[in-house]
Amino acid sequence: MIKFLLNKIGLIFSWITITVILCAVYYLSYNCAEPKAYDFMTKNVLVQKLSFDNHKQVYGSDDIVLVVIDAKSTEKYRWPWKRELYCNILKYFSEYARPKVIVHDSILTTPDRDNPESDRKYFNSVKNTKNYIAGFMPDLHEWRDPEFGKRYDSKFKQKFAINIDEQNTPTLNIYKSLMAMPDLYFNALQYVGCVAIVPGAINGNLKVVDEIYRNTTPLLYYKENYYPSLSLKTFMFLNNINKTILTNDKIIFPEMNYSIKQVHNDFFNTIPIKYYKLYNTGYSHNNISAIDIMQSYEMINRGQAPIISPEVFKDKIVILGANVPAGAGLNDNKNSPVSVNHPGVDIQATAIDNLVHNDFLCVIPQIVNFLITLILMISVYLLIKKLNLIKSVIAIFFLIFGYLFICTICFYYGTIINVITPVVMLVISIIFAYTNKYVIENRNKEKVKSAMGKYMSQNVMQRVVENIDNLGLGGKRAVVTVLFADIRGFTSMSEKMSAQQVSEFLNEYFSEMEPIITSYNGIINKFIGDAIMAIFGEPIQDENHAQNAVKCAYAMLQKVEKLHKKWYREGKPEIEIGIGINTGEVFVGNIGSENRMEYTVIGDTVNLASRLESYNKMYKTKMLISASTYKAVKDIADIIKIPEVQIRGKANKIDIYEVLKVKQD
C-alpha cells in the first residue's frame, strides 16, 4: 500500500513538474519570441503583398498625404523655426488646398519668449483653421504645481474630454499629469488628440517592452475621463462623431453602426497597427516637404504656378510632422516591425489610415491560440506514440510545415495568429514524448524481462535481450554438465492429491530448488512434469561446471531432507529425489522453428544424464554420475563405483558412480 501511494505521489509530482515547465516555456516564448515572429511575418508577409492582388491594399492610402519638416526644410530655415513660419502652411491649406482635415503630429508646451509676436500670428492661424487637430502628451509624473495642475485638468476635461457611455471597468490610470500648453495656444485649439504611442508586444503586454511600436491606444484614460488619440480624433472629426460606447473589447460608434475591436490588457486597450509597404522614401504614404508647401503658398500669392498644386490635397487627410534624422530635436524615427527607422509621422498616418478605412488586423484571441497549441501538442504526442521513429519524424515535419504555411496565409490576409510559440511547444512536446516513450519502452522491457525470467533462466533471457536483432535458429558445440532431478514415486503420490494440491506442492518444491541451482552457476533449462533439467557451463561460462553441478545436487538433496520435517508438520507426504549428472559435448543454442524456438542442449550427453537419473530407482541411490563427471569431482566427493552397467541405448557396458557425500569447501 505504501509503495502504491509513493508511486502515485511520484507520478503526480512528475506531472506537476512537466506542467510547470510547459507553462514557463509557453510564457517565455509568448512574451519574448512571439513578438519577433510577429515582426518577421509583418515585414515579410503582411506588407509584401503581390501587386496584382488588387483587392489588397499594399501601400498607404492615397487619401492621406504627409507634409514633413525634413532636411530640405531645415536647410532653408534653420531650426528652431519661428512659429509664424507655420502660418504659410496653414494658410495654404485653408485658403487654397481645402483638405478634409489637418492633423499636426507635434506637441507645443513652451512659448517662444524671444518671438512672442511670431507665436501670436501662429496661434491666430490655428484658431482660424477650423479643421486643425493638434497633439497633446500625457506624463507619468505628478504635477510640479498641484494647484496649477488641478486647474489645467479641469479646463482640459471641459474642452477636450470625450462623451463616453462606459460599459466596462476602466483601464488602469498610469498617467499623473499632462504636458501643459501655453494659454494662447490652448485657447486657439478646437480639437486635440494624444500623440503617445506605447511600444510593446502585439498583445499590448507592457511587462515586456522591446521599444518596437506595434500598437496604438485609441483612448487615453486620464483622471477618470477619456481622451482620444490623434488617430481616433481624426476619425471622429471626419465622421462628425460626438458620442461613443466603450466595452471591454470594443469602441462602438452607434451613429455609424461601426465598432473598433480592442485588445485588452492590464494597462491599456490597444489596437495593433496594420502597417503598409514602404516606398523608397521610407514612408508608406505620399510625403511632401514642408518647404515646398511654404514656397507654393508664396508663389500662388505672386501669381506663379506653385511647386505643389493645391489639388493634390483637395478632400485629403493632411498630416503635418517633423522628421530630420540628423536634426536636433527633429529625429522622430521609431522602431517598427517594418523598419528600424520608421518616421513617427508615418506611424501616426498608418494608425489614422487603419481607422478611417476600417483596415484592421484580426487578432486571434489568446485562448484560441492556446487551444491550437494544445491540439498540436496532443497530435504530436499521439503521432510519436502510435508511429515508429521514421514515420513520426516525417509526420511531425509535415505538421510543423503545414502550421507555418497556415500562419503565412493568415498573416497575408491580416489575421494575427501565434507563429513561434506553438512550434516551440511542439519541440518541447517532441522531447517529452520521446523521453516518455523511451521510459515506457524501458519499463515495458523490464516487465518483459521479468516475465521472461519466470519462464526461462535469467541468463538465457539476458542473452536473448542482448541479441534481440539477431535471433535465429542455430548454436554451437560446447562441453557442459547436464543435471536431471526427478521425484521418486510422484505419479502414485499425486493420485492421492487434488490437482491444486499437486500444483502447490510442486511450486513449493521448485521454488526451493531454483535458488540452489542458480547459486552454483546453473540454469534451469526446463521443468518436465516433476523433473528438473539444469545445465552447467552454458550460457554461464564456468570452468568448474562439473564440480558445481555435483555440489548443487548434494545441496538439493540436503534441502529435501530439511523439507521433510516441514512437510511432516503440515501433513504432506515425504518425497525422495533422484539425480543424474553427466558431463560431455552437446549442441547448445536455439532449437525449433523460425516462429517458435527454445534455447536448450541436445546430444547423447543429455540422454545419458536422463538415463542415470532413472537408474537411481534400480540401485536404491540418490545421485548417480557418469565417468566423465567422476574425473572432475573425484577429489571433492565420497564416491562408490558401480561397474559394468548396461545403460539402455548404449551398446557397451559402462561404469557409473554413486556420490555419497560432497566435501565442504
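Colleague: How many bridges join strand S2 to strand S17, and do they run parallel or antiparallel?
Modeller: S2 (residues 101-104) and S17 (residues 317-322) run parallel, with four bridges joining them. One of the pairs sets Val103 against its bridge partner in S17, Ile319. Before we go on, this is a predicted model, where local features need pLDDT of at least 70, side-chain atom pairs count only at pLDDT 80 or more, and totals for chains, interfaces and linings use all residues. Residues are numbered from 1 along each chain as its sequence is written, and side-chain values use heavy atoms, with hydrogens and water left out.

Colleague: Thanks! What counts as a strand, and when do two of them pair?
Modeller: Strands (E, at least two residues) and helices (H or I, at least four) are DSSP runs numbered from the N terminus. Two strands pair if DSSP finds at least two bridges between them.

Colleague: In what order do the six strands of the open sheet come?
Modeller: The order is S7-S3-S2-S17-S1-S16, and the pairing is parallel.

Colleague: Which strands stand at the edges there?
Modeller: Strand S7 (191-194) and strand S16 (286-289) do. Each has a single partner strand, so one side of each is left without a neighbour in the sheet. Neighbouring strands of this sheet are turned against each other by 25 degrees on average, direction ignored; axes are lines fitted to C-alpha atoms, for helices over the stretch in contact, and angles run from 0 to 180 degrees between N-to-C directions.

Colleague: And the open sheet of four strands, what is its order?
Modeller: That one goes S5-S11-S12-S13, with mixed pairing. Its edges are strand S5 (163-166) and strand S13 (258-261), each with a single partner strand, so one side of each lacks a neighbour in the sheet.

Colleague: How do S5 and S11 run, and over how many bridges?
Modeller: They run parallel, and four bridges join S5 to S11 (residues 243-246). Glu166 stands opposite Leu246 in S11.

Colleague: Changing topic: what do S23 and S24 form?
Modeller: A hairpin, with two residues between the strands. S23 (residues 522-528) and S24 (residues 531-536) pair in the antiparallel sense over six bridges, and Lys526 has Met533 in S24 as its bridge partner. Gly529, in the turn, has a positive phi of about 65 degrees.

Colleague: Which residues other than glycine have a positive phi?
Modeller: Arg98, with phi near 55 degrees, is one of them, and Asn358, near 50 degrees, is another. Arg98 is in the loop between H3 and S2, while Asn358 sits in the loop between H9 and strand S20 (362-363). Most residues other than glycine have a negative phi, and most peptide bonds are trans.

Colleague: Where is there a cis peptide bond, then?
Modeller: One goes from Trp79 to Pro80, with omega near 5 degrees. Pro80 is in the loop between helix H2 (71-76) and helix H3 (85-97). Another joins Glu538 and Pro539, with omega about -5 degrees, and Pro539 lies in the loop between S24 and helix H16 (545-570).

Colleague: Last one: at what angle do H7 and H9 pack?
Modeller: About 40 degrees, with the axes of H7 (residues 230-238) and H9 (residues 344-356) 8 Å apart. That makes H7 oblique to H9: under 35 degrees counts as roughly parallel, over 145 as roughly antiparallel, 65 to 115 as roughly perpendicular and the rest as oblique.
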